[in-house]
Amino acid sequence: MTAFEENAPARKEIFRLLGIETSCDDTAAAVVEATFLNGDLIETHVLSNEVWAQHDAHAAYGGVVPEIAARSHVERVDDVVACAMASAGADFEDLSAVAATAGPGLVGGVMVGLTAAKAIALSHGLPLVPVNHLEGHALSARLTALIPFPYLLLLISGGHTQLVAVEGLGRYRRLGTTIDDAAGEAFDKTAKLLGLGQPGGPRIESAAGGGRASRYDLPRPLQRRPGCDFSFSGLKTAVRLLAEEHVDKNGALDGQAVADIAAAFQSAAAEHLAARTRRAVDELSRDGEYGHLVVAGGVAANCVVKSALARVCDEAGWRLVAPPSRYCTDNGAMIALAGAERLAAGLAPTSEDARAFAPRARWPLAPPTPGRAHGGGRKGPKA
Ligand code: KG4
Ligand code: ZN
């Protein structure tokens, strides 16, 4: 520190943001107040956090229907924003800025939230911060705990499965991703196969509560493959074959078989996530700077997954940081915080660029690390 910096007064900034999230099937809005001292986040208050889940609208189709999602966001977004503002006791004039998910996600939904944010920003003379949904998840643990950079992030949601070295705001290095399905997608497809309905993850977790995981031996994917990539499609096929084997003559599975298969799947998925994460932990431990594993995304709400990751951290002398489940699944608070962090760091786009920002269906958080064999689907890696 120079003599000049030593004598400079501390710079304290408080940002209060409305965050809007509409990238999948949750219409969400939140108001967050974040305090920074000399650019470092020192305090976060979530003043409100409203989520309107659309599960019922999609139930009959066994998955999220993009057109229905977009229409439901249009119908709900104004009310959800009004609720978030009212329960925070905030007026638009009190806000520092409006942040909205600008991608990646279902583009029709992203368009609704981003357009609503643009309209609010324009009519109240506020800055607009378009936010990468994955950056929202990556920073979500900082809503409740002041985890310092750098840390290892395991992002496990319905559309994404990634291990990322979070070196700082906007500095992400991808260590691994899925070569086929995302972790949440595997939970959702397994739930559908077992007739448990949607959202699959929580239903698998609750069905598995009454089951015996040891009854079936499911494969552990990629055991001999080096690196930190994931794969869930083999597990999904094994579950399908197991379910077909156990149906009665009417094509139905008995309740105990459903519970046991759900438990066996959950345990295999958790072990797979933990095994690949262990490799990234070992790799970053050599660096010496890393000691925190942050888990984010909807699947991070799963207790069996969290326990498996806690064991990995215990063995390595690391700390596991898992945000409360309301901040693991999609929410507006993480988007507001990511917007505040970008404003504080001077990394938000100019107002002209923000106004022109187009919704993005694909927007990778981090490019693949050169020399690593990341997989891809028909349209490129899902994550
Ligand atoms: O992060 P999120 O809310 O939305 C996306 O960005 O995808 O994640 C949703 C995913 C769904 O696949 C859901 O089934 C899964 O997270 N999920 C869970 C649990 N709660 C939500 N998976 C396993 N166990 C849970 N308790
Ligand atoms: Zn998400």
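By class, the shell around ligand 1 has four nonpolar, 12 polar and three charged residues, where Asp, Glu, Lys and Arg count as charged, Ala, Val, Leu, Ile, Met, Phe, Trp, Tyr, Cys and Pro as nonpolar, and the others, Gly among them, as polar. The model is predicted, with local features needing pLDDT of at least 70 and side-chain atom pairs pLDDT 80 or more, while totals for chains, interfaces and linings use all residues. Residues are numbered from 1 along each chain, ligands are numbered in the order in which they are written, and hydrogens and water are left out of side-chain values.

**Ligand 1**

- Ligand 1 is surrounded by 19 residues (each with a heavy atom within 4 Å), and Gly158, Asp188, Gly201, Glu205 and Asp330 are the closest.
- A polar side-chain atom of Asp188 lies 2.6 Å from an oxygen atom of ligand 1, whereas a polar backbone atom of Asp330 is 2.9 Å from an oxygen atom of the ligand.

**Zinc ion (ligand 2)**

- The zinc ion is coordinated at 2.0 to 2.2 Å by His133 (NE2), His137 (NE2) and Asp330 (OD), donors being N, O and S atoms within 2.8 Å of the metal (3.2 Å for Na, K and Ca).
- His133 lies in helix H5 (residues 133-139) and Asp330 in the loop between helices H11 (325-328) and H12 (332-344), so the pair ties together parts 197 residues apart in sequence; helices are DSSP runs (H or I) of at least four residues.

Notes: Helices (H or I, at least four residues) and strands (E, at least two) are DSSP runs, numbered from the N terminus. A polar contact is a pair of N or O atoms within 3.5 Å; within protein, one must be able to donate a hydrogen and the other to accept it, and residues adjacent in sequence count only if both atoms are side-chain atoms.
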